[in-house]
Amino acid sequence: MSLNLTVWLVILVAFVAANLPFINQRLFAVLPRRQAKGRKGFGLQLLEWLVLYFVAGGFFLLLERNAGQIYPQGLEFYATTLALFATFALPGFVCSHLMRHNDWVARCREPILPSLPWCNR
């Protein structure tokens, strides 16, 4: 695998892993929850996000090992990657917590927007 492709794979995996807890109501997008009604709480989403940070980091170490020698990293590196992972999670967080879903659905059903594909339900 070329180095350029590996860099884009790292960015894509990090972006998907950072948003997964916020856009999916299952645990780690695989396990069904016991209480299926409602959305996941923020605490559970934050815990899942943190676990996915470490899982993605392990995957990235595996990619680095395949490319050659693993370079030792310091605290600054992990603080930077955590901040980048938090930045990648922003779209999922906004969609999950900051958008008013009921207002959006109500506005979508108004007759002024009949041509949008998600209004034809």
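1. In this predicted model, the crossing of helix 1 and helix 2 is right-handed. Helix 1 covers residues 3-23 and helix 2 covers residues 42-67; their axes come within 7 Å and cross at roughly 165°. Helix 1 is therefore roughly antiparallel to helix 2, since angles over 145 degrees count as such.

2. The residues that form this contact can be listed by helix. Helix 1 contributes Thr 6, Leu 9, Val 10, Val 13, Ala 14, Ala 17, Ala 18, Leu 20, Pro 21 and Phe 22. From helix 2 come Phe 42, Gln 45, Glu 48, Trp 49, Leu 52, Ala 56, Phe 59, Phe 60 and Leu 63. Sorted by class, the contact of helix 1 with helix 2 holds 16 nonpolar residues, two polar residues and one charged residue.

3. Helix 1 itself has 21 residues. The distance from its first C-alpha to its last is 30 Å, close to the 30 Å expected at 1.5 Å a residue.

4. The buried residues of helix 1 are Thr 6, Ala 14, Ala 17, Ala 18, Asn 19, Leu 20, Pro 21 and Phe 22. These buried residues pack against helix 2, and also against helix 3 (75-88) and helix 4 (90-98).

5. As to the chain as a whole, the protein has five helices and zero strands, and its elements run α-α-α-α-α from the N terminus on. Of the 121 residues in the protein chain, 20% are buried. Among contacts in the chain with a separation of 6 or more, 61% are between residues 24 or more positions apart.

Technical notes. Residues numbered from 1 in each chain as written. Predicted model: local features only at pLDDT ≥ 70, side-chain atom pairs only at ≥ 80, totals over all residues. Heavy atoms only, no water. Axes fitted to C-alpha atoms, helices over the stretch in contact; angles between N-to-C directions. Helix = DSSP H or I, 4+ residues; strand = E, 2+ residues; numbered from the N terminus. Parallel < 35°, antiparallel > 145°, perpendicular 65-115°, else oblique. Left-handed = near helix turned anticlockwise from the far one by under 90°. Contact = heavy atoms within 4.5 Å. Nonpolar A, V, L, I, M, F, W, Y, C, P; charged D, E, K, R; others polar. Expected span 1.5 Å × (residues − 1). Buried < 20%, exposed > 50% of the residue type's maximum accessible area, 1.4 Å probe, protein only.
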